[in-house]
Amino acid sequence: MIAALAAVAGQTARLQLRTGGGALVGLIFFLTVVTIIPFGVGPDLNLLSRIGPAILWIGALLATLLGLDRLFQDDRSDGSLDLLHLSGHPLELIVLAKAAGHWLATGLPLVVAAPFLGLLLAIEPVALGAVTLTLLAGTPALTLVGTVGAALTTALGRGGLLIAVLVLPFAIPVLIFGVSAASSVIVGPAPFLPPFLILVALSLVSAVVAAVAGAAALRSGLD
Amino acid sequence: MPISDLANPTRFLAFAGRLLPWLWAVTAIGLAVGLYLGLFVAPADFKQGDMVRIMFIHVPFAWLSMACYGVMAVAALGTLVWRHPLADVAQKAAAPIGAAFTFLALVTGALWGKPTWGTYWVWDARLTSVLILFIIYLGLIALWQSVEDPGKAARAAAILTLVGTVNIPIIKFSVDWWNTLHQPASVFRLDGPTIDPSMLWPLMIMAAAMTLLFASLLLMAMRNEILRRRVRAMQIVAATG
């Protein structure tokens with residue numbers, strides 16, 4: 001069963017990477033968001049280095065939303081979702097495998113790109129490491145929350161903006177603790193570890209919730 | 001008549017029709033008594049003056065914004081576990097009412113905040129979590145609006161509602177976990193209410209009256225939704241037949 005789930009994850013990642021408009025568009029979008037913020041708030045490097053972690057987090061949050069609507073939609077339209085459902089493996093684990101593959105292809109590149117984009121925002125080296133670490137711990141939670149939204153909109157046969165409206169409120173706690181952990185290195189006397197551990201906990205909890213809720217949503221759309 | 005008989009939509013319609021006039025009458029009396037006690041009888045606060053009277057509508061709205069979500073979560077369980085059409089109807093009918101109560105709690109809170117805190121809005125833990133609750137309500141309404149098949153929409157909304165219940169304890173305990181501007185609970189506490197009885201009684205009457213108002217609105221909305229579904233079914237039969 002491990003092999004089958006790894007195959008599902010690998011196939012999801014490969015599809016995201018190889019189809020046009022997949023993972024690369026997410027990266028370009030991330031770069032664009034980080035670039036337009038200085039036009040909005042002004043090119044003051046002191047200000048940018050202070051709010052830099054927040055900019056990177058918001059950019060990553062918005063970038064993870066891209067491509068989510070296709071996570072299950074393509075499988076549904078070509079019938080492979082039914083085959084996965086009939087394969088005898090628990091749908092919960094298949095949802096988790098799909099989420100893992102999606103994160104490898106879309107979330108991980110954002111984490112890797114974050115330090116380089118942080119240079120544009122004049123974030124200090126220590127803080128840069130902190131932001132990257134929080135993104136590494138937090139983007140799985142964003143992808144998993146998005147997986148529930150993707151499963152719901154696939155079951156309904158509706159995509160587009162609805163998925164963003166449904167998913168974003170649930171991403172707020174992740175954003176809060178991610179930014180507060182990253183900012184604590186720059187401004188605060190507050191310690192880094194407590195919010196970071198809560199962030200890790202959020203990722204683990206959302207893995208459980210996303211598996212159960214995503215599978216329930218897909219089942220409701222299949223019958 | 002056992003309560004399970006109400007699961008039949010026709011019996012539910014008859015029951016709601018008989019109950020609603022009485023419910024509205026009690027609601028009107030409760031609101032009138034509560035508002036009179038709150039606006040004229042209850043003493044003015046020694047710091048806030050008459051400003052404190054906003055509490056008598058703000059607090060019930062805030063309680064009901066969470067209670068309505070609780071009703072929706074129970075209805076969501078009804079949809080997922082028993083696949084009951086009446087639970088679908090209750091879910092759909094409760095969402096706009098809950099959104100309205102949450103909106104009113106936010107607005108009355110902002111109007112109260114300006115003279116007492118000096119600002120309409122702060123990014124305080126409780127204010128923020130209630131704002132998220134409002135956005136979740138709006139997302140659910142958008143979901144209901146965007147899907148034609150009511151059964152499918154009900155199951156999807158139920159899953160989203162149950163995932164969203166994590167926000168309710170966050171709202172309730174946000175003022176205890178994060179020591180922020182919004183005051184901590186002063187009525188439902190383990191060591192008894194810290195609010196003076198002269199203000200507590202009008203507040204409780206208002207809360208009861210608002211709960212009855214919520215029940216009346218929910219019953220009416222459910223009745224409308226059942227009738228809307230019947231009309232839709234008749235239109236489909238007429239179009240295909």
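How many helices and strands are there in chain B? Chain B has 7 helices and 0 strands. Here helices (H or I, at least four residues) and strands (E, at least two) are DSSP runs, numbered from the N terminus. Along the sequence, the pattern of chain B reads α-α-α-α-α-α-α.

The structure is a predicted model, in which local features need pLDDT of at least 70, side-chain atom pairs count only at pLDDT 80 or more, and totals for chains, interfaces and linings use all residues. Residues are numbered from 1 along each chain as its sequence is written, while chains are lettered from A and ligands numbered from 1 in the order in which they are written. The pLDDT is the predictor's confidence in each residue, from 0 to 100. Chain B averages a pLDDT of 85, and 90% of its residues score at least 70. For the complex, the predictor gives an ipTM of 0.77 and a pTM of 0.84.

An unreviewed UniProt entry lists transmembrane regions in chain B, among them residues 21–41 and 199–222. UniProt positions follow the numbering used here, feature names are shortened, and annotations may be inferred rather than shown by experiment. Residues 21–41 of chain B are 100% helix, with end C-alpha atoms 29 Å apart. Residues 199–222 of chain B are also 100% helix, and their end C-alpha atoms lie 34 Å apart. For chain A, an unreviewed entry in UniProt lists transmembrane regions including residues 129–152 and 192–218. The span 129–152 of chain A is 100% helix, with 35 Å between its end C-alpha atoms. The span 192–218 of chain A is 96% helix, and its ends lie 38 Å apart.

The two chains touch. The contact takes 16 residues from chain A and 15 residues from chain B. Two residues are in contact if their C-beta atoms, placed from the backbone, lie within 7 Å. On the side of chain A that touches chain B, α8(A) gives the most, with 6 residues.

Of the 241 residues of chain B, 34% count as buried (20 or more other C-beta atoms within 10 Å of a residue's own, these atoms being placed from the backbone). A nonpolar core is a set of buried Ala, Val, Leu, Ile, Met, Phe, Trp, Tyr and Cys residues joined through C-beta atoms within 7 Å. The largest such core has 129 residues. V95(A), L152(A), A217(A) and A156(B) have the most contacts inside it. The element α7(A) gives the most to this core, with 16 residues. Not counting residues up to four places away in sequence, V95(A) touches T147(A), A151(A), A210(A), A211(A), G214(A), A215(A) and L218(A).

Terms used:
Buried ≥ 20, exposed ≤ 12 C-beta atoms within 10 Å, placed from the backbone.
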